[in-house]
Amino acid sequence: MTRSWQEWLVRQISFTGDFDREILEAFLRVPREVFSEFHYDLDVVYSDNVIVTAKDGNSYSTSSQPSLMALFMSVAGLRHGMKVLEIGSGTGYNACVMAHVVGKEGLVVGVEFNRKFFEKSVEAASKLGIENVVFVNDDGFYGYEKLAPYDAIVITVAVDKVSQHWIDQLKIGGRIVGPIDLYTVDRQPALVFEKTIDSIVANHLVETKFIKAGGLLGNLNEINLERLSKIERRFSTPCEFLNLPTNYCEAVGVFHMASWSLCERSGWVYFVEDEGFARWKGGWEVFGRMELIKRIAEEWTRTRFSPMSLLKFRYDHSMNFERLERWDET
């Protein structure tokens, strides 16, 4: 009976995109209900929807929308023999599906911050006899160096920055796919980061909604507020203003992902640099020496305030912003 429901799920996934046979067949081989501590009717379990799989105090684990999982796998380029790192593996469903995509010669490593969810993932994989998946209970910020390098990294929790550890543990040509939490606005755009010989190129993929990460992947606001507190006491009045006639949400998204330097306090959005800061409430007030924000603003203006979906970002291997470019529509 479960098989017919899995086939129904695969048909739903197929309607959303042109996915490789290996990805679709993997969903046929992993029963989703095994990864949930809650009972759901099978029409719910095998719907193309998010379901809550476990609860620990105020923390929840969810199984992501299967068609979105398939999209992430497809864009990451998953195939037989690959080694894949998953950040935020929850109770393990996505990791076990990917384990079937990469096959016995491949490996999936799932890192989960919550101990209870981690234990559930180990239990479920053992019950199903899936041996080419390893679960780790740790802060996903650090990736998992022991089994690096990885061909691809799939993030299934909303993170507020890209960890340098992931970049270091990714092979040249490998991709990182996952949602970025723009905590200053209610948006979580998923991006694809591809590692080239000399840089990282990030392209916008799709808008999403994931549970926010804990640990060091969810504390960027606090880090930047601490940086701000050490700088702002040196300045009492702004030295200049940046007038950018652009959509606020788009600007915040671009400024955040181009620098990871934003934070929010008392209704103000701040952009923090080493020698100064800028703050937004209807316009940017600049305090001190601000080089990066001006460079980003110039590029943002040069692209004629294009929506974020028409932009791509380029970083060096240490994730330092280099430039914004218009999406190659050809």
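The largest pocket holds about 470 Å³ of space, a pocket being an open set of points on a 1 Å grid over the protein atoms alone, with protein on both sides within 12 Å along at least five of seven lines. Of the 30 residues that line this largest pocket, Tyr60, Gly88, Gly90, Glu112 and Val157 are the closest to its centre, where lining residues are those with an atom within 4 Å of a point. The structure is a predicted model, in which local features need pLDDT of at least 70 and side-chain atom pairs count only at pLDDT 80 or more, while totals for chains, interfaces and linings use all residues. Residues are numbered from 1 along each chain as its sequence is written, and side-chain values use heavy atoms, with hydrogens and water left out.

**Largest pocket**
- Strand 2 (59-63), strand 3 (83-87), helix 5 (93-102) and strand 4 (107-112) each supply at least two lining residues, with helices (H or I, at least four residues) and strands (E, at least two) taken as DSSP runs numbered from the N terminus.
- Strand 2 contributes the most to this lining, with 5 residues.
- The lining divides into 11 nonpolar, 15 polar and 4 charged residues, where Ala, Val, Leu, Ile, Met, Phe, Trp, Tyr, Cys and Pro count as nonpolar, Asp, Glu, Lys and Arg as charged, and the others, Gly among them, as polar.

**Second largest pocket**
- About 330 Å³ of space lies in the second largest pocket, a volume being the space filled by probe spheres set on grid points that are joined across faces, edges and corners.
- Its lining has 16 residues, and those nearest its centre are Arg227, Ser261, Glu273, Asp274 and Leu292.
- Strand 12 (268-273) and helix 10 (292-302) each give at least two residues to this lining, which by class has 6 nonpolar, 3 polar and 7 charged residues.

**Cavity**
- The whole structure contains 1 cavity of 30 Å³ or more, a cavity being a set of points where a 1.4 Å probe fits but cannot get out.
- The largest cavity has about 40 Å³ of space, and helix 4 gives the largest share of its lining, 4 residues.
- That lining comprises 7 nonpolar, 3 polar and no charged residues, including Leu68, Phe72, Met98 and Phe210.

**Helix 1**
- The buried residues of helix 1 (residues 2-16) are Gln6, Leu9, Val10, Gln12 and Ile13, buried meaning under 20% relative accessible area with a 1.4 Å probe and protein chains only.
- Seen down the axis of helix 1, these buried residues fall within an arc of 160 degrees, so they line one face of the helix, the arc being that of the directions from the helix axis to the C-beta atoms.

Definitions and conventions:
The expected span of a helix is 1.5 Å times one less than its number of residues. Buried means under 20% relative accessible area, exposed over 50%, partly exposed in between (1.4 Å probe, protein chains only).
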